[in-house]
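Biologist: Could you walk me through this model, starting with how its helices pack?
Modeller: Gladly; have a look at it here.

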Amino acid sequence: MKLLKTRPSLVLLFSLLLVSIAGWGGAAEKDPQSVQVTIRSILAANKSDEFDAKLKGMEQQLKSLKYRSYRSLKDETKTVPWQGTQSFEIPGGRLLTVAPQEFQENRIALKVRLTEKDKPIVDTTVTIPNKGNFILGGPPHEGGALVLSISAATP
Amino acid sequence: MELSDWELVKQCQAGETSAFQELVSRYHQKVFMVSLGLLRNREDALDVAQETFFRAYRKINSFQGDSSFYTWIYRIAVNISIDAQRRQKRNPLEFRESMDGVLESQNEVAKDPFTDAHDRELREHLTQAINELTPEHKAVIVLRTLEGMSYKDIGQILGCSEGTVMSRLHYARKKLQDKLSVFL
Amino acid sequence: MTNCESNRESIGSWLDGELSPGESESVRLHLAGCAACSEVRRQLESLNLALKNQLTANAAEIEFLPFWRGVQQRINQKRPWHEEFLERCRELFSAPRMAWSVPAVIALVLALASIDFYLPGWRLGGPRNNFATVDSIDAHGRSVALLRENESKTTVIWLYQDQEGENEAAEDATKSGPAF
């Protein structure tokens, strides 16, 4: 307590230090060099009532699709530079290409293309929150439907 | 046997007003002199000195003996005096003349050690120079010069480090020296 | 800084007896051999004497009893409520306490901003806003549904197969497709 009363300069120094940390952290966030993109391939079907434990964190998102069972097929994470592209192999002979476009106000704009046998199925540009995701689903697979969770985060 | 300050404080905390009266009798003159040194006005200094002991009475239960009683009471007095200085609107030179008049009429003025013109001029310039110091610089000058307090005690009273006391004293004395070099 | 400059800064503290024995001896030796600094010392001693005389000149003895009666009067007098309130506020919001509130607030803001980093997914008051914005979409002739699921705050792009269908399994899947 004596220190608090006799060292106002220490208080000022501590405040400046905290502000610098905040500024440094903020600056680091504003200038990310690349994006980590994660694609989760999931099989949604109505043949059983199984829910894959690996998908626990996505339970609420997936159950909203109203299928009875969900099974994780493949998880893949790649680092993609801004304006660069990266392709992910998707079960069923498909390919997902992701190109991060822009980072603004902690949101990431992604250009996404899903192709099957070299034919484009869908092209879309989606802006998601940093560390957030969106779902792209519907292509048939193994008696059910393929569900892709596409997420992106700055390191 | 005379009780120590701390023993008197404990008696006050137990509700004995006579113990507080004893503490006031021990320190009222010193507190008044410090206030007078800071405010340069007798009425204000008396007011501040009484207010100091009033506030000390109200806060007596919060005194835990972390410092000596006299540094604690001086801290209260200096803080009130600094606040009062900031509110003071009177011209110090004009007021000093009227203060002398009041003292003389009450026959309370001490024997003036400055008898010749040179000393009178030094006194006037010194008063002006002291009043031009900030309240914080005036406080270190008064506490050191009037009370002969150590830098450590002054630091405890003003809530600053010994280094700060040293640099404030150096600055204040340099300012006074520069203004009064002709007379020194 | 020259030797004289550094010593002159210490003369006041030396006269006050606040230097260590080593520092004190160093100043004493310097003063013994430097006329300019000795003059500074003389001036400082003269100033200290003038200050003491000035500060004690008007401080005559004050009688204790009238003083004590003044203090008693203040103790017994009930203060207006607003004066009491102001004094409590002054004590509560003293400069040292207020000074520490600044870094405390900064630290709190940083901590709140970092919650997501250390506890990803944790949110005060419910799931984070995960809604995506679909800026453009081209399903190349296929039917597509764009949906937002409120509970999980998720954006779903659902591709429907063509009417003709490409295989029977696809028909089964789409028939029991998402029921939003």
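**Helix packing and the sheet**

Modeller: α7(B) and helix α8 (residues 151–158) of chain B pack at an angle of about 135°, with their axes 10 Å apart; axes are lines fitted to C-alpha atoms, for helices over the stretch in contact, and angles run from 0 to 180 degrees between N-to-C directions. This is a predicted model, in which local features need pLDDT of at least 70 and side-chain atom pairs count only at pLDDT 80 or more, while totals for chains, interfaces and linings use all residues. Residues are numbered from 1 along each chain as its sequence is written, with chains lettered from A and ligands numbered from 1 in the order in which they are written.

Biologist: And which residues of α7(B) and α8(B) make the contact?
Modeller: From α7(B) they are B:Ala139, B:Val140, B:Leu143 and B:Arg144, and from α8(B) they are B:Ile154, B:Ile157 and B:Leu158, where contact requires C-beta atoms, placed from the backbone, to lie within 7 Å.

Biologist: What is the secondary structure of chain B?
Modeller: Chain B has nine helices and zero strands, these being DSSP runs numbered from the N terminus (helices H or I, at least four residues; strands E, at least two). Buried residues make up 36% of its 184 residues, a residue being buried if 20 or more other C-beta atoms lie within 10 Å of its own, exposed if 12 or fewer, and partly exposed in between, with C-beta atoms placed from the backbone.

Biologist: How many residues of chain C are in contact with chain B?
Modeller: 30 residues of chain C are in contact with 37 residues of chain B, and α3(C) gives the most to that side of chain C, with 13 residues.

Biologist: Which residues in α3(C) are buried?
Modeller: They are C:Cys37, C:Leu44, C:Leu47, C:Ala50, C:Leu51, C:Gln54 and C:Leu55, and what covers them includes α2, α6, α7 and α9 of chain B together with α1 and α2 of chain C.

Biologist: Switching topic, what is the order of the strands in the open sheet?
Modeller: The six strands run in the order β2(A)-β1(A)-β8(A)-β7(A)-β3(C)-β2(C), with mixed pairing, where two strands pair if DSSP finds at least two bridges between them. The edge strands, each pairing on one side only, are β2 (69–81) of chain A and β2 (144–149) of chain C.

Biologist: How many bridges join β7 and β8 of chain A?
Modeller: Seven bridges join these strands, which run antiparallel, and A:Asn133 has A:Ser151 in β8(A) as its bridge partner.

Key: Contact = placed C-beta atoms within 7 Å.
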